[in-house]
Amino acid sequence: MITDLHAIYPDLYGKEYDEKELDKRFMHLLEKHEELFGKKDAAIFSASGRTEIGGNHTDHNLGKVIGGSVNLDTIGAVSKRDDKRVIIASEGFPVVDVDISDLEVKSGEKNGTDSLVRGIAKAFIDKGYEIGGWEANTTTKVLGGSGLSSSAAIEVLIAEIFNNFYASDKLSPIELAKIGKFAENVYFGKPSGLLDQACCAHGGIIGIDFKDNDNPVITPIDVLFEDYGYQMIITDTRGSHADLTGEYASVPPEMREVAAYYGKTNLREVDFKDFIRDMKTIRDKLGNDRALLRAYHFFSENKRVDFMLQTLKEGDIDGFLGFVAESGNSSFRFLQNVYPSSSPKNQGLSLAIALSEEILQGEGAVRVHGGGFAGTIQAYVPLSMTETYIRGMESLFGEGCSMRIAIRRRPVSRLI
């Protein structure tokens with residue numbers, strides 16, 4: 001059974017992987033399923049983490065982004081049940097046991113996986129599908145807090161299990177992403193957008209235009225950076241995210257302050273030329289220069305996403321990397337999410353970017369990754385410099401801080 005996965009590995013993990021280690025991982029998953037639930041021949045599902053490639057902090061104002069599925073995934077061995085219970089034993093976490101005959105929102109389940117199960121089941125019912133129980137054990141390589149969206153991965157994994165077992169695979173990856181977002185917003189209690197779920201669900205690199213937030217436009221791009229001689233590396237600076245909620249939360253409303261000047265809700269509804277023309281008047285009214293700078297980042301980043309997509313379509317890797325560097329510089333100078341203004345002595349991301357530029361010496365590109373303030377940076381490193389780069393990052397942030405990232409081509413799916 002495990003050997004059936006060999007033909008799938010390249011679409012899941014890229015060109016560089018250890019077949020024996022992967023076989024062991026999946027075999028252990030199946031053995032654990034039999035140990036926990038007494039069942040052999042379980043189905044195997046996989047959902048990836050994601051990386052943001054362009055469009056830093058633009059989706060929440062109906063902007064444009066580029067993201068990609070990655071070779072770090074959450075896998076699950078799953079069997080059907082004859083009742084309405086969903087049981088999930090995730091490695092390292094308490095067992096989740098949910099009776100999905102009751103789909104009411106439970107205040108006591110906020111911020112828990114059980115709320116996601118209940119919310120996703122409700123979404124399937126609302127779409128007219130039957131639902132039933134199942135039991136699963138899961139393990140993940142998508143590290144929590146790494147900016148690679150471990151929560152979105154488990155959401156779309158749960159959705160795909162219902163989709164495969166009870167909806168005959170009728171729902172597309174983007175529909176599964178919307179279901180995950182619904183569960184996260186309404187049941188889990190987090191007002192997130194669709195970016196993370198869409199990238200985890202779809203597979204490959206995608207451009208997403210959120211102008212119509214309920215029906216985003218998806219542009220798939222088939223690119224593997226290794227084909228152009230580059231390794232994507234995500235480095236975790238291991239900074240604390242504690243007390244940074246206010247920093248993250250300030251970005252969307254500050255952009256919307258500028259939109260409100262025009263009587264609009266989101267910056268996507270504002271014309272850039274009008275913004276430049278009215279900058280002094282807006283500044284005088286708001287008394288918040290950072291809001292104007294963040295708005296400027298939004299407008300320039302939106303245009304940059306279009307250029308990045310075009311260069312990727314044309315195979316112009318040098319042009320693409322130039323825009324990656326521009327995105328990073330705009331985030332640092334205008335968006336101002338590379339370090340927290342409330343704690344200027346804590347600048348791990350700034351140090352990581354500085355050391356990256358010193359090591360790369362003009363080769364490749366580097367930028368803040370994801371939300372920023374603490375966490376991770378993203379670098380495109382020439383293959384010949386990969387080991388040198390990783391050693392440099394580890395000298396500052398510790399062993400294992402850097403992850404080699406490959407783009408995964410396969411969407412969230414049942415593997416066997």
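Me: Which kind of crossing does H4 make as it passes H6, left-handed or right-handed?
Reply: First, this is a predicted model, where local features need pLDDT of at least 70 and side-chain atom pairs count only at pLDDT 80 or more, while totals for chains, interfaces and linings use all residues. Residues are numbered from 1 along each chain as its sequence is written, and side-chain values use heavy atoms, leaving out hydrogens and water. Left-handed means the near helix is turned anticlockwise from the far one by less than a right angle, right-handed that it is turned clockwise. H4 passes H6 in a crossing that is right-handed.

Me: How are H4 and H6 oriented to each other?
Reply: Helices (H or I, at least four residues) and strands (E, at least two) are DSSP runs, numbered from the N terminus. Axes are lines fitted to C-alpha atoms, for helices over the stretch in contact, with angles from 0 to 180 degrees between N-to-C directions; H4 and H6 (residues 195-202) pack at about 60°, axes 9 Å apart. Under 35 degrees counts as roughly parallel, over 145 as roughly antiparallel, 65 to 115 as roughly perpendicular and the rest as oblique. So H4 and H6 are oblique.

Me: Which residues of H6 make the contact with H4?
Reply: Contact here means heavy atoms within 4.5 Å. On the H4 side you'll find Ala152, Ala153, Glu155 and Val156. Their partners in H6 are Asp196, Gln197, Cys200 and Ala201.

Me: How many charged residues sit in the contact of H3 with H5?
Reply: The axes of H3 (residues 113-126) and H5 (residues 173-188) come within 8 Å and cross at roughly 125°, in a right-handed crossing. Among the residues in contact are Arg118 and Lys122 of H3 and Glu184 of H5. Classes go like this: Ala, Val, Leu, Ile, Met, Phe, Trp, Tyr, Cys and Pro are nonpolar, Asp, Glu, Lys and Arg charged, and the others, Gly among them, polar. That contact has 10 nonpolar and two polar residues, and the charged ones number three.

Me: What is the orientation of H7 to H10?
Reply: H7 (residues 245-261) and H10 (residues 289-314) pack at about 85°, with axes 8 Å apart. That makes H7, relative to H10, roughly perpendicular.

Me: Is Leu321 buried or exposed?
Reply: Leu321 belongs to helix H11 (residues 317-335), and beyond four places in sequence it contacts Tyr230, Gly364, Ala365 and Tyr380. Buried means under 20% relative accessible area, exposed over 50%, partly exposed in between (1.4 Å probe, protein chains only). At 6% relative accessibility, Leu321 counts as buried.

Me: What is the relative accessible area of Ile282?
Reply: Ile282 is found in helix H9 (residues 279-286). Apart from neighbours within four places in sequence, Ile282 contacts Val258, Tyr261, Tyr262, Phe275, Gly287 and Leu292. Ile282 is buried, with a relative accessible area of 0%.
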